[in-house]
Amino acid sequence: MTVDLTPVLISLKTASLSIICTFFLGVAAARLVFCVRHHTVKTVLDGLFTLPLVLPPTVAGFFLLYLFGMRRPFGKFLLEYFSIKVAFSWGATVLAAVVISFPLMYRAARGAFEQVDEDLLMAGRTLGMSEWKIFWKIQLPLAWPGVVSGAVLAFARGLGEFGATAMIAGNIVGKTRTLPLAVYSAVASGDMKEAGGYVAILVAISFLVVVGLNCFTPGTVGNNTNRGRR
C-alpha cells in the first residue's frame, strides 16, 4: 500500500510556519502579562490568552470562520482590498494552528519568565540597564529552556490540530488536508490501512517531538532517575 504523502507535507509546512508566528506572539504576550502589575488586568489578559486552550477546537474554528469567512466583514475586507482569501485556503490551516497552539507557547513562556530570580532583574536595573535590555540580556536567556520547551509542544499541537482546521480551512485534497484530516477521511471511507499509515506517521513525529522536548530540558529524566536511586 502506498500512502499519499501530500498531507504529511502540508502538515509539516503548516506546523513550521505556525510555530514561527506562535513563538513570537507567545513570547510577546507572556512578556506583556509579566510586566502588568494590575491584578485585574493581568487576570483578564491571562484568561483571554488561555481561552483557546480550554475551548473545544470546533468552537475556536467557528469564531475564526465568523471573522474570516468570505462574506464576513474582516474576511470580505481582506478579499476586496488585498485579494487575500483566508477561509478554505492553506493559510487558514496556519491560522487555525496558530490560534490553537498559542496558549501552550504563551503559558510556557510566562511560567519560564516568572521562574527567573527577581533579584537578577533588580540588579540589572541598579546597573542602569533598560527594561528592554534586561529582557534580552538576563530574562530571556535564563528562561530559554522553558521557552523552547513551550515551542516544541506548540509545534506538536499545531501539527495535530483537527477541529479548528476543519472549520476554517475545510478538508480539500492537496490543499488543506492535513494529517489529522487525512486520518479522519480515510476512516470515513473505510480505508483502515491508509488511516493506519497516517497514524503511524503522526505517532513517529510525536515521539520525536517528545525526545526533542527532553533534549531541550536536559537533566530532567536523569535527575528523576538519580532521585530514585538515593
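The protein has 11 helices and 0 strands, where helices (H or I, at least four residues) and strands (E, at least two) are DSSP runs numbered from the N terminus. The model is predicted, so local features need pLDDT of at least 70 and side-chain atom pairs count only at pLDDT 80 or more, while totals for chains, interfaces and linings use all residues. Residues are numbered from 1 along each chain as its sequence is written, and side-chain values use heavy atoms, with hydrogens and water left out.

**Overall form**
- The order along the sequence is α-α-α-α-α-α-α-α-α-α-α.
- The C-alpha trace spans about 65 × 55 × 25 Å along its principal axes.

**Helix 2 and helix 5**
- Helix 2 (residues 39-54) and helix 5 (residues 90-115) cross at roughly 135 degrees, and their axes come within 6 Å; axes are lines fitted to C-alpha atoms, for helices over the stretch in contact, and angles run from 0 to 180 degrees between N-to-C directions.
- That angle makes helix 2 oblique to helix 5 (under 35 degrees counts as roughly parallel, over 145 as roughly antiparallel, 65 to 115 as roughly perpendicular and the rest as oblique).
- On the helix 2 side, K42, D46, F49, T50, P52 and L53 meet V99, I100, F102, P103, L104, Y106, R107 and R110 of helix 5, contact meaning heavy atoms within 4.5 Å.
- This contact of helix 2 with helix 5 has 9 nonpolar, 1 polar and 4 charged residues (Ala, Val, Leu, Ile, Met, Phe, Trp, Tyr, Cys and Pro count as nonpolar, Asp, Glu, Lys and Arg as charged, and the others, Gly among them, as polar).

**Helix 1 and helix 9**
- Helix 1 (residues 6-35) packs with helix 9 (residues 179-188) at an angle of about 150 degrees, their axes 8 Å apart.
- Helix 1 and helix 9 are therefore roughly antiparallel.
- P7, V8 and S11 of helix 1 meet L179, P180 and A182 of helix 9.

**The largest pocket**
- The largest pocket holds about 260 Å³ of space (on a 1 Å grid over the protein atoms alone, where a 1.4 Å probe fits, a pocket is an open set with protein on both sides within 12 Å along at least five of seven lines, and lining residues have an atom within 4 Å of a point).
- Its lining has 14 residues, with L48, P52, L64, V99 and F102 the closest to the centre.
- Helix 3 (57-68), helix 2 and helix 5 each supply at least two lining residues, and helix 3 gives the most, with 5 residues.
- The lining of the largest pocket has 14 nonpolar, no polar and no charged residues.

Notes
Grid points are joined across faces, edges and corners, and a volume is the space filled by probe spheres set on the points.
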